[in-house]
Amino acid sequence: MALRRIGVAVLAMVLVALPVWAGRVALILDVGGRGDLSFNDMAFKGTEEACADFGWEMVEIQSATSADYLPNIRNAARSRQFDLIICVGFLLADALNVVAPEFPNQKFAIIDAVVPHPNVLSIVFEEQEGSALVGALAGMLAAHYGYPYVGVVLGIEIPVLYHFEGGYRFGIDWGLRKYAEVTGKTADVGLLWVYTGTFSDIAKGKAAAEAQLEQGAVAVYNVAGPLGIGILEAVTAKLAREGREAGPPFMIGVDANQDWMGDGNKVVASMMKRVDVGCYTAIKMVHEGTFQGGLLSLGLKNKGVGISRYDDLLDFIEFGIKAGAITEADRARIIENWKAMRAAIPAWIWQAVDELEAKILSGEIAVPKPKTREEMLAVRALYPLTR
Amino acid sequence: MRRLWLGIRPLAESLLAGVIGLGGGALIMWAWGYNPWPAYRVLFQESFGNAYGLASALANATPLILTALAFAIGARAGLFIIGAEGMMYMGAMAAVATSLLRLPSGLHPLLSLVLAALAGILWGLVPALLRALRGVHEVISTIMFNWLSHFLAFYLVANVLVDPVRAEKTVSVARTARLPLLVRGTDLSLGIVVAAGCALLAYLWLWHTVSGYEVRAAGANPEAARYAGVSPRTTVLLVFALAGAFGGLAGAVETMGRPPTYAVYSGLTNIAGFGFDGIGVAMIGRNHPLGIIPAAVFYGGLQAGARLMQMWAKVPFEMVRAVQGVIVLALALPELLRIFRRLRRARRTS
């Protein structure tokens, strides 16, 4: 084992390495890093699957501070050892913008940002579409269960997060109007929202969620990667105080399918943003020789985003077991709890979510996609959702 | 002979500590099933073995030299100023704010540096006065001021200095106010000259001026210094001012000299920690301004090589940081022991 490690290291350092792998990909992560059970772990998942399928080797590079982004990308490119360098996250965009023209023959991909160089594949997502679906669900749940608020805890205020917030606001509004249409009653439901300014401080996520739950939020949407771990703690604690195990109140998961977390009955649904699909696609393109710089947009249409369903649950229980968060023994109980949780919510709510999805897919409904602070302010003014 | 030994002893101790640290780190890696040999090879090859690595080491050393000076000057005067972190945030904020002005490129960085130093001094003023006038211990007050600075900087980044089109960061430092890169295609900026210059000045002041001598005397034996006519109040205020200036400059050189963004990120993720790392660097450099320079370059090299360690030696990131921690801790140990010995002696005599 040790001998092989030396072997790999020596091979890597000598420039003329023997081609033992079909290809090699570097996965460069931001300060959030692995273990978030969402964004970064999803990138890892997709890259790992592609490497298994195509016989590639993966090298994972975490960043200690945001001053590491530039040297990490540059070191990877400088080594000329990688067929593809994937930069995971918007925060790496400035650094990639510097490095990409320095190494015009190196292929790069970046998630969540547009870096306009011919050797960069920019992978972006239509987060507003999926966020509208979970927003509609949250709005209808609040109205149905008689909660005064729905909540959302966001990370650092970057433009990508405006897609989430904008879509969520639109969805809540749509859901409340749907509730009025179905039941003939109007519900007075407001939105509690906060940008925590971090994608790594789990305690801040917990504190923010606690505040929203105390004010009567029926669900807290996690738009801050690992902070979801803190949000779920807050939801679990709130339920324990009320002597219950299953929500409401709920968390709404993000990026990955997080429905399996919290025993399967506390995360009502997840807005899946398939970063794994993005990474997989990029590697596949390089492997098959079809790689081209430019824009790759993943939305509801090409399964890049979506609301979590039963099949996704099974897939991601595996993900949780692999991450060491749950074990094989938990599987059956989680599935059972999840089914019971979803069944307790009236069928018309789920049908309404499906209806919204179909209408977005057909183009009948366009979800706002704020890209700048100004556009975000305009969407907030359109859907203020105050009580 | 004894004189020679007194001169060599700190160096010998540090070297021994370094060997122990590397051995400890190797032991950790070995215990968890990673081969330390290729890991260390990558670590040192990529930090000091090629030009890019060396440039990275020097770039990382730049803010650390300054925060280490802030701590060391205090330590020489017998003060434990833990406040470089907070002073550094204020310096960074001042550097970003100054860049909003429109000035010619020669004058602009100069003014930014001066205002950043002033911001650091101002931030140290209240703890300094509390210590000088009321005897409030500086460890407590500077730690509290670090948190005040942390949240004030959070607020300024998110609400006042925020980039109107990219809310995840402050506005970028204006091109006219940036410290130029010394080597294209690296992170190394003119900031290293500023930092090394400050270290040299600190050395000259401490060992070749009367007030520097008085400060050292006050640190070595406060009672004797007071008896000899050295004002403890003046010493405290002077030392805090210098520490504040160095701390403020640390934040400025980092934001004005570090590509690509030249801004402070929301959450302070690109500057947080330099103040505390500086304490470790000061310990490794035995609280001597000229010892701090190689200590900071070593520490910076460790950070630069660590990036590559996970890439090529397959040592996971967390393990790299643990190994780094062991090495730094071991290197800081001789100075820590000296400080504890002195504290115990001081308690016994009083």
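**Exercise 1.** In this predicted model, identify the residue of E4(A) that is the bridge partner of Ile86(A), and describe how E3(A) and E4(A) are paired and connected.

*Solution.*
1. The bridge partner of Ile86(A) in E4(A) is Ala109(A).
2. Strand E3 (residues 84-88) of chain A pairs with E4(A) in the parallel sense, over 4 bridges.
3. From E3(A) the chain passes through helix H4 (residues 93-102) of chain A to reach E4(A), a β-α-β crossover that is right-handed.

**Exercise 2.** Determine which way the residues of strand E4 (residues 108-111) of chain A point, and whether they are buried or exposed. Then find the partner of Ile110(A) in E5(A).

*Solution.*
1. Phe108(A) and Ile110(A) point one way from the strand, while Ala109(A) and Ile111(A) point the other way.
2. All of these residues are buried, that is, under 20% relative accessible area.
3. E4(A) also pairs with strand E5 (residues 120-125) of chain A, in the parallel sense over 4 bridges.
4. Within E5(A), Ser122(A) is the bridge partner of Ile110(A).

**Exercise 3.** Describe the open sheet that contains E8(A) and E9(A), and the helix H5(A) packed on it.

*Solution.*
1. The sheet has 6 strands in the order E7-E6-E8-E9-E10-E12 (chain A), and its pairing is mixed.
2. Strand E7 (190-195) and strand E12 (305-307) of chain A are the edge strands, each pairing on one side only.
3. Direction ignored, neighbouring strands are turned by 15° against each other on average.
4. Strand E8 (residues 217-223) and strand E9 (residues 250-255) of chain A pair in the parallel sense over 3 bridges, with Ala219(A) opposite Phe250(A) in E9(A).
5. Helix H5 (residues 127-145) of chain A packs on the sheet, touching strands that include E8 and E10 of chain A, and its direction makes about 165° with that of E10(A).

Conventions: Residues numbered from 1 in each chain as written. Chains lettered and ligands numbered in written order. Predicted model: local features only at pLDDT ≥ 70, side-chain atom pairs only at ≥ 80, totals over all residues. Heavy atoms only, no water. Buried < 20%, exposed > 50% of the residue type's maximum accessible area, 1.4 Å probe, protein only. Helix = DSSP H or I, 4+ residues; strand = E, 2+ residues; numbered from the N terminus. Pairing = 2+ DSSP bridges. Right-handed = clockwise from strand over helix to strand, strands pointing away. Axes fitted to C-alpha atoms, helices over the stretch in contact; angles between N-to-C directions. Contact = heavy atoms within 4.5 Å.
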